[in-house]
Amino acid sequence: MYKNIVILTGAGISAESGIATFRDSGGLWSNYKVEDVATPEGFARNPGLVHSFYNHRRGELAKVFPNAAHTALADLEKRRGGGVTVVTQNVDNLHERAGTVNLIHMHGELTKMRCGKCRDVIVTEEEFSTESVCLKCGGVGSMRPHIVWFGETPMKMDEIGNLLEKCNLFISIGTSGAVYPAAGLVRIAKASGAHTVELNLERSQGASLFAEKIYGKATEVVPEYTGKL
């Protein structure tokens with residue numbers, strides 16, 4: 001039995017809940033340029049546009065729900081009673097809504113805002129603008145989405161690295177294998193001697209790095225695979 005399991009999840013696990021990925025045609029992202037709404041430079045250039053974009057995304061999040069893949073991971077954690085950690089690239093809150101507790105959001109969280117001056121982080125479902133005030137330091141217009149934008153360093157990388165060095169099973173779910181450093185986590189797990197598994201709709205760019213590969217819808221392959229652990 002695997003004692004320490006690390007599970008990396010990407011956009012593919014939430015896509016079946018109705019959350020659009022970068023690559024979806026006709027989705028929310030197709031109406032915006034990444035450099036305008038997902039970079040520090042874009043925020044500095046037009047903070048109003050960025051706030052509007054994330055206000056909309058936050059509102060859309062309330063309309064979707066966890067799917068069978070999210071639930072399967074929460075059930076695995078509960079059944080094992082420890083030794084299971086989910087590291088997600090997703091900024092949605094579907095994992096926690098499904099019941100997952102040991103969770104790391106390496107790219108931030110849509111339901112949080114951060115003050116650029118005092119660094120205070122708050123949980124919120126409210127809309128923000130350039131006139132919003134930080135309740136801790138009183139800074140006006142200093143609040144920004146608690147999201148890791150392109151060009152910024154993902155969160156808790158040291159903690160993730162330590163977990164990977166100790167794990168003996170690494171599962172990647174719904175990731176493209178194109179975004180680093182997340183795409184490189186399998187290499188760390190593999191170097192530590194962990195069994196590596198890819199559960200995905202189709203082969204990722206890093207598929208050759210996995211010892212075991214199963215392809216299909218996340219809502220089908222994730223419950224089936226985790227149910228055997």
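**Exercise 1. Classify the accessibility of Arg119, then place Arg119 in the fold and state its phi.**

Step 1. Arg119 has 52% relative accessibility. Buried means under 20% relative accessible area, exposed over 50%, and partly exposed in between (1.4 Å probe, protein chains only). Arg119 therefore counts as exposed.

Step 2. Find the element. Arg119 sits in the loop between strand S4 (108-115) and strand S5 (121-123). Helices (H or I, at least four residues) and strands (E, at least two) are DSSP runs, numbered from the N terminus.

Step 3. Read the backbone. Phi of Arg119 is near 70 degrees, a positive value in a residue other than glycine.

A note on the model. This is a predicted model, in which local features need pLDDT of at least 70, side-chain atom pairs count only at pLDDT 80 or more, and totals for chains, interfaces and linings use all residues. Residues are numbered from 1 along each chain as its sequence is written, and side-chain values use heavy atoms, with hydrogens and water left out.

**Exercise 2. Do the analysis again for Lys156.**

Step 1. Lys156 is exposed, because its relative accessibility is 51%.

Step 2. Lys156 belongs to the loop between strand S6 (143-147) and helix H7 (157-166).

Step 3. Lys156 is not a glycine, yet its phi is positive, about 55 degrees.

**Exercise 3. How many salt bridges does a search of the whole structure find? Work through examples.**

Step 1. A salt bridge is a side-chain nitrogen of Lys or Arg within 4 Å of a carboxyl oxygen of Asp or Glu.

Step 2. Count. The search finds four salt bridges.

Step 3. Take Arg45 and Asp36. Their side chains form a salt bridge at 3.1 Å, N to O. Arg45 is exposed at 54% relative accessible area. Asp36 is partly exposed at 24%.

Step 4. Take Glu60 and Lys63. These side chains also meet in a salt bridge, 3.1 Å from N to O. Glu60 is partly exposed, with 33% relative accessibility. Lys63 is exposed, with 57%.

Step 5. Take Lys112 and Glu109. The N to O distance in this salt bridge is 2.9 Å. Lys112 has 21% relative accessible area, so Lys112 is partly exposed. Glu109 has 15%, so Glu109 is buried.

**Exercise 4. Which side chain of opposite charge is nearest to Glu77, and which backbone nitrogen does the Glu77 side chain reach?**

Step 1. Locate Glu77. It lies in helix H5 (residues 68-80).

Step 2. Check the charge. Glu77 is buried but has no salt bridge. Lys78 is the nearest side chain of opposite charge, 8.0 Å away. Lys and Arg count as positive and Asp and Glu as negative; His and the chain ends are not counted.

Step 3. Look at the backbone. The Glu77 side chain reaches the backbone nitrogen of Val101 at 2.9 Å.

**Exercise 5. Where is Gly48, and how far is its C-alpha from that of Thr130?**

Step 1. Gly48 is in helix H4 (residues 47-61).

Step 2. Gly48 is partly exposed, at 35% relative accessible area.

Step 3. Gly48 and Thr130 are 82 residues apart along the chain. Their C-alpha atoms are separated by 6.0 Å.

**Exercise 6. Which residues form a positive surface patch?**

Step 1. The members are Arg187, Lys190, Arg203 and Lys213. Patch residues have over 30% relative accessible area and no salt bridge; like charges are joined within 9 Å, and nonpolar side chains (Val, Leu, Ile, Met, Phe, Trp, Tyr) within 5 Å.

Step 2. Examine Lys213. It lies in strand S9 (residues 212-215). Lys213 is partly exposed, with a relative accessible area of 34%.

Key. Areas by Shrake-Rupley, 256 points an atom, 1.4 Å probe, with all protein chains shown as cover. Charge placed at Lys NZ, Arg CZ, Asp CG, Glu CD. Polar contact = N/O pair within 3.5 Å; in protein donor to acceptor, adjacent residues only side chain to side chain.
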